[in-house]
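Me: I've got a structure open and I'd like to work through it with you, one question at a time. Can we start with how the helices pack?

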Amino acid sequence: MTTNNPEELGTLALEAMLIEVSVTPKPGLVDRNNSGAHHDMNFFTFLRSAASLRSSFEEFARAGFVGGSRNFSPAQVFPLIRKIGLEAEKRMFAATDGINTHKGEIFSLGLLSSCAGFLTGKSETLTAEKVMTLASEMCHGICEKDFAGVRNKKTLTKGERVYLEHGITGIRGEAEAGYPAVRDVGLPALRKYLADGLSLNDALAFTLIHIMANAQDTNIISRHDLKTAEIVMKRAEKILAENSGLDGIRELDREFIAEYISPGGSGDLLAVTYFLQRLEFREDDNTMLKV
């Protein structure tokens, strides 16, 4: 019988991180074959980073569980999990000697673990849709708040710089909207590929291409520019249209490595997609076990 206690939810978030980095091939991203368009990290860097975050995700889930069981509002829980997130980032940087391997996944998987804990604390059945809707409620106003006064800051994060230059809100906007790239693209694609009999690895590899074809990736924009991000979306669309399979993804990987393109935001959304699929179908979806 599946349970939804904070420890199990934290383990599931860790599982999502480990599965995401293991999916191969992933254009421009670290996987089991290569380090993608990165020179400062590799597959083992990601494993160390993920291992350091195990207790953090349990803390995220527990904060949500306590809030739900005590009838807190989503707005009351969110400041608590942001503090946990800051501590999680410190653990990540300590494990990786200052390399940012999982900052985006800490935000999203931490948020969603908390939402799952919150719903469990209220004795509600967990579904991907419920969790994403609650994430939107928890993040209400985050873009307006976080980007207020950013023009006056002397030191900007990558996300803040992209917002100033293009008005793109990145993962904050995605979360505040209830993860539409996952709800409308990632989850339907993954479920279709699994239903078609693909292995978990291949289903996730193709799901990543769907996400890349539909989501603005601020990691690409910050490394390059908006035009490059738009070109990446079209190249992903071409792979899907031509049905070029894993060979097409491998070729795109070689191109991205040469061009220093890393769709890290899309990789984070792939981890979210896996987490939500597993959260909802742990007991009756045996296709997830076909690796």
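Me: At roughly what angle do the axes of H3 and H5 cross?
Reply: First, a heads-up: this is a predicted model, where local features need pLDDT of at least 70, side-chain atom pairs count only at pLDDT 80 or more, and totals for chains, interfaces and linings use all residues. Residues are numbered from 1 along each chain as its sequence is written, and side-chain values use heavy atoms, with hydrogens and water left out. Helices are DSSP runs of H or I with at least four residues, numbered from the N terminus, and axes are lines fitted to C-alpha atoms over the stretch in contact, with angles from 0 to 180 degrees between N-to-C directions. The axes of H3 and H5 (residues 103-121) come within 6 Å, and they cross at roughly 35°.

Me: What is the handedness of that H3 and H5 crossing?
Reply: You look at how the near helix is turned from the far one, by less than a right angle: anticlockwise is left-handed and clockwise is right-handed. For H3 and H5, the crossing is right-handed.

Me: How many charged residues are there in the contact of H3 with H5?
Reply: Contact means heavy atoms within 4.5 Å, and the H3 side includes Phe57, Gly64 and Gly68, while the H5 side includes Glu105, Ser113 and Gly117. Ala, Val, Leu, Ile, Met, Phe, Trp, Tyr, Cys and Pro count as nonpolar, Asp, Glu, Lys and Arg as charged, and the others, Gly among them, as polar. Sorted that way, the contact of H3 with H5 has 7 nonpolar, 10 polar and, for charged, 1.

Me: Are H1 and H5 roughly parallel or roughly antiparallel?
Reply: Their axes come within 10 Å and cross at roughly 150°. Angles under 35 degrees count as roughly parallel, over 145 as roughly antiparallel, 65 to 115 as roughly perpendicular and the rest as oblique. So H1 and H5 are roughly antiparallel.

Me: Is Ser114 buried or exposed?
Reply: Ser114 is found in helix H5. Leaving aside neighbours within four places in sequence, Ser114 is in contact with Phe60, Ala61, Gly64, Val77, Ile81 and Met138. The cut-offs are under 20% relative accessible area for buried, over 50% for exposed, and partly exposed in between (1.4 Å probe, protein chains only). Ser114 has a relative accessible area of 0%, so Ser114 is buried.

Me: Which residue is buried with a positive phi near 55°?
Reply: Most residues other than glycine have a negative phi. One with a positive phi, near 55°, is Tyr179, found in the loop between helix H9 (170-176) and helix H10 (180-195). At 0% relative accessibility, the buried residue is Tyr179.

Me: And Asn71, is that one buried or exposed?
Reply: Asn71 also has a positive phi, near 60°, and lies in the loop between helix H3 (54-69) and helix H4 (74-96). With a relative accessible area of 62%, Asn71 is exposed.

Me: Is the peptide bond from Thr24 to Pro25 cis or trans?
Reply: Most peptide bonds are trans. Pro25 sits in the loop between helix H1 (6-22) and helix H2 (43-52). With omega near 0°, the bond from Thr24 to Pro25 is cis.

Definitions and conventions
Helices (H or I, at least four residues) and strands (E, at least two) are DSSP runs, numbered from the N terminus.
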